[in-house]
Amino acid sequence: MVDLKGQYNDIKDIVNPSIQEVIENTAFINGPKVHEFQKNLETYLGVKHVIPCANGTDALQIAMMGLGLKPGDEVITVDFTFAATVEVIALLQLTPVLVDVNEDDFNINIEALKKAITPNTKAIVPVHLFGQCANMEAIMHIAKAHNLYVIEDNAQAIGANYTYSNGTKVKAGTIGDVGATSFFPSKNLGCYGDGGAIFTNNDELAHTIRGIVNHGMYERYHHDVVGVNSRLDSIQAAVLDAKLPKLDSYNKSRQNAARKYNQAFKNIKQIITPKVSNGCGDICDTCDCHVFHQYTLKLKGVDRDALVKHLNDKGIPCGVYYPIPLHKQKAYQDSRYNEKDFAVTNQLVKDVISLPMHTELEDEQIEFITSAIIKFING
Ligand SMILES: *Cc1c(COP(=O)(O)O)cnc(C)c1O
């Protein structure tokens, strides 16, 4: 699904000395590289504060702790996402409220979101799934009207733009009260282990969060709040700082691959290619609205299991993200849920398939993958 080796070989000369420098300096924890990366990411994103942490799941958890959410507070998020999003809500004894997504862009459905709001609702967690933002303009409007916090799960869309209806562009993850991202190796900006970060434009919240990631300390050995130990280690920061200048070109490579996939499947009626729902509505150089963390198709009238087997037999990896709706997972079932409120997710889990997507995909590989799929469908 990803070619981390190919990408590493290409940037070895930049990454290796950067890692070496950390080792020579033995500044493994909170070394200067962490601060440098933090500053560079703040500039790239156009956000006031980046707080690095240990992984994307922690980033979400710490964001919620920073906002002071309390047990029993309802937090609305989507049924169709990686479990980490709902896991941290439950872990903090907040009440997860799962809602359905859109059929076309897989992101939170605005009508379902509105319907789920109660007097106990305190926050919304839109997930920018597969590389493009949820409808943030509508979400921010709803949040303002109901006095709710917005925590963006930006683990899959770092570097993507969000275009407002007036044409203003902002980076994904910098729109809500706080954004959380992951630097897991296969993410669009991945390190060589675990890593994550929290973004905010709110000075006070940034200060609170900087203490939380460090055992609730604002002054050495004074623990003002219950915190956690969640740090981005200096070696990972060195990798990320070396890769950050390449993020835009990495995302361009992904967009180019997506364009070629789209072209190949254009006339296949059993395949629905991913929709770009923001900006000009297409994969274009000025919008950059979709950075294709995953390239996900919807299959209509195709035996998915048989297709997966056919591709695997040919040595082509593929994935099903996600095979089970969260509301059906043992850990997150709740008697309040009603099946008919999850019609889209229930269907998507049966129809979706994600194809190899990374920065090193070559035309011949795309050709090999798409012709294997088309051949299978045409029998
Ligand atoms: C990867 C991911 C996370 C968690 O990130 P980790 O760094 O693996 O903890 C959270 N949410 C979404 C949507 C993700 O894709």
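Is T77 buried or exposed? With a relative accessibility of 0%, T77 counts as buried, a term that stands for under 20% relative accessible area, whereas exposed stands for over 50% and partly exposed for what lies in between (1.4 Å probe, protein chains only). The legends below describe a predicted model, in which local features need pLDDT of at least 70, side-chain atom pairs count only at pLDDT 80 or more, and totals for chains, interfaces and linings use all residues. Residues are numbered from 1 along each chain as its sequence is written, and side-chain values use heavy atoms, with hydrogens and water left out.

**View 1**
T77 is found in strand β2, where helices (H or I, at least four residues) and strands (E, at least two) are DSSP runs numbered from the N terminus. Leaving aside residues up to four places away in sequence, T77 touches T85, I89, V97, L98, V99, V125 and V127, contact being defined as heavy atoms within 4.5 Å.

**View 2**
Strand β2 (residues 74-78) pairs with β3 in the parallel sense over five bridges; two strands are said to pair if DSSP finds at least two bridges between them. Within this pairing, P96 in β3 is the bridge partner of V75. From β2 the chain crosses through helix α4 (residues 84-91) to β3, giving a β-α-β crossover that is right-handed, which is to say that, with the strands pointing away from the viewer, the path from the first strand over the helix to the second runs clockwise. In strand β3 (residues 95-99), four of the five residues are buried, so this strand is largely enclosed by the rest of the structure.

Seven strands form an open sheet in the order β1-β9-β8-β5-β4-β2-β3, and their pairing is mixed. The edges are formed by β1 and β3, each of which pairs on one side only, and neighbouring strands of this sheet are turned by 25° against each other on average, direction ignored. Strand β5 (residues 149-153) and strand β8 (residues 178-182) pair in the parallel sense over three bridges, and D153 stands opposite A180 in β8. Helix α3 (residues 56-66) lies across β1, β4 (121-125), β5, β8 and β9 and runs at about 165° to β8; the axes used here are lines fitted to C-alpha atoms, for helices over the stretch in contact, and angles run from 0 to 180 degrees between N-to-C directions.

Strand β1 (residues 49-53) has five of its five residues buried, so it is largely enclosed by the rest of the structure. H49, I51 and C53 point one way from β1, while V50 and P52 point the other way. In a regular strand the side chains alternate between the two faces of the sheet. The pairing of β1 with strand β9 (residues 196-200) is antiparallel and extends over five bridges, with I198 in β9 as the bridge partner of I51.

A sheet of three strands, open and antiparallel in its pairing, has the order β12-β13-β14. Because β12 (271-272) and β14 (352-355) stand at the edges with a single partner strand each, one side of each is left without a neighbour in the sheet. Two bridges join β12 to strand β13 (residues 295-299), and I272 has K298 in β13 as its bridge partner. Helix α10 (residues 304-313) packs on the sheet and touches β13 and β14, its direction making about 15° with that of β14.

**View 1. Helix α2 against helix α8.**
The axes of helix α2 (residues 32-45) and helix α8 (residues 234-243) come within 8 Å and cross at roughly 40°. In this contact K33, V34, E36, F37 and N40 of α2 meet S234, A237, A238, L240 and D241 of α8.

Most residues other than glycine have a negative phi, and most peptide bonds are trans. T26, which is not a glycine, has a positive phi of about 45° and is exposed, with a relative accessible area of 52%. D288, in the loop between β12 and β13, has a phi near 50°, and at 17% relative accessibility D288 counts as buried. The peptide bond from Y321 to Y322 is cis, with omega near 5°, and Y322 is found in the loop between α10 and α11 (343-351).
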